[in-house]
Amino acid sequence: MPGLNCPNKLSPDEIIQSAKENLGEDQKQLQESVKILNEWIDKSPHLQNVKRDEEFQKGFIRGCKYSIERTKEKYDFHFTVRGSLPEWFADWDPYQESIQRFLKAGVYLPLPGYDKHGRFVVLMRPGQLDPNTMKIEEGFKVSTMLIELAMRDNVQASVQGFVLVQDMAGMTKQHALQMNVALIKKAMTVWQDAYPANPKALHFLNLPSVMETFFNLAQSFQKEKMKKRNIVHAKGDLSKLIEDLGEDVLPKEYGGVNGTCEEIRDYWKGEMENNKEWLIQQTKFKTDEKKRPGKPKLHSDIFGIEGSFRKLEID
């Protein structure tokens with residue numbers, strides 16, 4: 001990240017060594033898997049508009065523990081979701097006013113460099129969202145855009161994994177009223193099933209009582225192994241966060257030495273704007289359900305029928 005520190009960055013050789021030691025990765029086998037995956041895509045009429053970037057594909061192969069059949073299944077599902085969810089995966093022009101609001105507020109901040117374990121860290125501050133002018137669902141889209149941009153060619157994150165830090169300070173009833181069961185289920189389906197890797201840890205800071213219903217509901221949609229990675233911190237206590245991630249990667253506002261949230265916000269706003277064409281290009285990658293052999297996959301097949309979900313009760 002030019003202009004920002006990049007703590008705990010591994011060299012290409014160190015990443016290869018880590019992948020070998022920690023994941024059992026064999027470079028020759030990995031290349032063979034990429035070849036097999038692309039041969040399968042070539043033969044799949046509904047997948048002719050999917051992304052063919054090699055590093056992107058390797059991320060899926062790693063996330064699926066080098067099982068080529070699981071990789072095919074997840075790769076297909078990822079691009080099915082992209083086509084089924086235009087509210088998240090269409091209109092990725094970063095100059096749109098609704099997207100600019102999130103960038104200027106610094107709601108989502110991929111942190112420069114890596115934590116003391118070499119993991120990539122994304123800080124989310126939903127309390128920075130103004131519920132009068134910003135929609136949480138639009139925020140899911142912006143966070144997806146930002147994280148995909150931050151993960152582009154980020155081989156270290158693909159190998160070492162990533163961590164989410166969710167600071168819920170400032171969230172109010174107005175934020176909670178934008179949440180509903182269908183939205184939470186949609187988010188959990190996308191994050192858990194459509195992407196190759198799950199967070200190594202999820203840190204929750206400053207959880208307000210008004211958001212506890214949402215937090216508990218989100219947990220009910222989590223897979224068991226992910227529930228075990230949730231760490232809820234006492235309000236105002238950053239000691240365990242610093243202990244787990246280290247000061248190197250955290251911004252000053254969170255007890256670290258890695259610049260300020262304002263500096264990181266400005267960096268990512270610039271990066272999003274400078275990569276406008278790349279971001280817009282990503283919206284073209286999706287399945288063509290009319291050409292899928294057998295039955296097309298519909299939105300309701302993936303996310304259920306939204307009208308059937310009850311509303312959240314907020315005290």
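How many cavities of 30 Å³ or more does a search of the whole structure find?

Analyst: The search turns up 1 cavity of 30 Å³ or more. Bear in mind that this is a predicted model, where local features need pLDDT of at least 70, side-chain atom pairs count only at pLDDT 80 or more, and totals for chains, interfaces and linings use all residues. Residues are numbered from 1 along each chain as its sequence is written, and side-chain values use heavy atoms, with hydrogens and water left out.

A cavity here is a set of points on a 1 Å grid over the protein atoms alone where a 1.4 Å probe fits but cannot get out.

Lining residues (an atom within 4 Å of a point) are Phe102, Leu103, Gly106, Tyr108, Leu109, Leu146, Arg265, Trp268 and Lys269. Two or more of them come from each of helix H6 (97-105), strand S1 (108-110) and helix H14 (261-274); helices (H or I, at least four residues) and strands (E, at least two) are DSSP runs numbered from the N terminus. H14 gives the most, with 3 residues.

By type, the lining splits into 6 nonpolar, 1 polar and 2 charged. Nonpolar covers Ala, Val, Leu, Ile, Met, Phe, Trp, Tyr, Cys and Pro, charged covers Asp, Glu, Lys and Arg, and the others, Gly among them, are polar.

Methods
1 Å grid on protein atoms, 1.4 Å probe; cavity = no way out; pocket = protein on both sides within 12 Å on 5 of 7 lines; lining within 4 Å. Points joined across faces, edges and corners; volume = space filled by probe spheres on them.
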